[in-house]
Amino acid sequence: MSAAGTRAAGPGTPPTASTADRTRTPGPSGGRPTPERPGGRAPGRRRIRTPLPYALIAPAVLGLGAVLGWPMIHMIILSFQDMRRNNLWGNLPAPWVGLDQYTRILGDSHFWVVAARTGLFVVVCVLLSMSLGLLTAMLMQRVSTWVRLLIIAALVAAWSIPRLVATSIFRWLFDTDYGFANSALTALGFDHQGHNWFVNPWSGFGVIVLVVVWGALPFIAITLYAALTQVPKELEEAARMDGASGAGIFRHVTLPVIKPVLTMVTTLSVIWDFGVFEQVWLMRGAHVEADYELLGLYAFNAAFTGNSFSQGAAIALITMLLLLGISLFYLRQMLKIGEDE
């Protein structure tokens with residue numbers, strides 16, 4: 001306080017410290033004062049970390065390491081060998097071949113055809129499942145309560161059916177002689193009696209896409225409906241009063257709110273559709289032709305039909321590396337969602 005301020009306070013009033021002086025404490029060396037932090041904790045002091053959280057998650061980490069880690073290491077070792085049935089049954093050591101399995105696979109044109117087919121299959125399945133799931137979620141938001149409950153019950157019932165059972169049902173629906181699809185098309189005037197849907201790979205994969213989308217639709221629709229319920233109604237009303245159309249409201253109001261969930265569900269759908277195996281396997285009666293091979297089936301046929309377990313392991317590792325980039329993108333989106341919250 002200045003001398004003028006001291007005189008104005010009167011002879012009996014002691015000088016008081018200013019607000020800035022009250023919020024500062026002397027530095028550790030007696031020099032320039034440093035501001036206090038809320039709670040009285042010095043700025044350089046760190047919170048003490050206890051090992052309890054690490055001890056709690058240690059059993060889960062050890063379990064994952066035993067269940068996933070050791071088989072992964074064994075598969076990596078196997079991919080650098082030439083393991084065949086005689087080595088497996090005769091208990092003979094498999095010879096080391098180094099990178100020969102990888103060079104043989106990457107130099108095979110059929111591998112790139114299968115990889116391109118898998119990529120196209122994943123794109124079609126994800127686009128259809130996400131589009132139908134979003135439309136179903138928006139429909140659930142606009143219908144009455146009892147209709148919404150019926151839709152949710154139907155989705156949960158479809159979700160609870162195992163994939164093996166669902167694939168068997170679709171195989172019966174598109175059966176050549178007794179399928180409902182051929183009978184319905186024949187009744188409508190089309191000559192589809194006795195039509196084999198799997199003679200042409202395009203129509204055959206169309207049936208398989210229906211199976212995959214039908215199984216993925218319940219999870220996507222229910223998850224996106226939960227995200228749509230978090231969109232503030234006030235923002236939609238304000239945009240509508242400003243003259244925005246329905247498409248404009250969805251693009252500028254709804255989509256930014258549900259974008260984290262939409263990205264997360266899309267990434268999960270890509271990962272799941274990349275690993276489709278049972279649907280194709282059952283649809284083709286456990287005898288998958290080369291035109292129906294996806295990467296998972298390609299690795300299976302190379303290992304068990306082609307009598308080369310090491311080649312199957314190498315194909316599986318290449319597929320895992322392709323999925324690793326998608327998984328890292330998924331983890332990045334999860335971390336961004338956590339930071340936003």
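This short talk walks through aromatic rings in one predicted model.

The model is predicted, so local features need pLDDT of at least 70 and side-chain atom pairs need 80 or more, while totals for chains, interfaces and linings use all residues. Residues are numbered from 1 along each chain as its sequence is written, and side-chain values use heavy atoms, leaving out hydrogens and water.

Now the rings. A search of the whole structure gives 15 aromatic pairs. Rings of Phe, Tyr and Trp (its six-membered ring) pair if their centres lie within 6.5 Å; planes under 30 degrees apart are stacked, over 60 edge-to-face, and the rest tilted.

Take phenylalanine 300 and phenylalanine 304. Their centres are 4.9 Å apart, with 40 degrees between the planes: a tilted pair. Both sit in helix 14, residues 295–305, four residues apart, about one turn of the helix. (Helices are DSSP runs of H or I, at least four residues, numbered from the N terminus.)

Why is the pair of phenylalanine 304 and phenylalanine 309 edge-to-face? Because their planes stand at 80 degrees, with centres 5.7 Å apart.

How accessible are they? Phenylalanine 300 is partly exposed at 26% relative accessible area. Phenylalanine 304 is partly exposed too, at 44%. Phenylalanine 309 is buried, at 14%. (Buried is under 20%, exposed over 50%, partly exposed in between, with a 1.4 Å probe and protein chains only.)

Zoom out. Phe277, Trp281, Phe300, Phe304 and Phe309 form one aromatic cluster.

Notes. Helix = DSSP H or I, 4+ residues; strand = E, 2+ residues; numbered from the N terminus.
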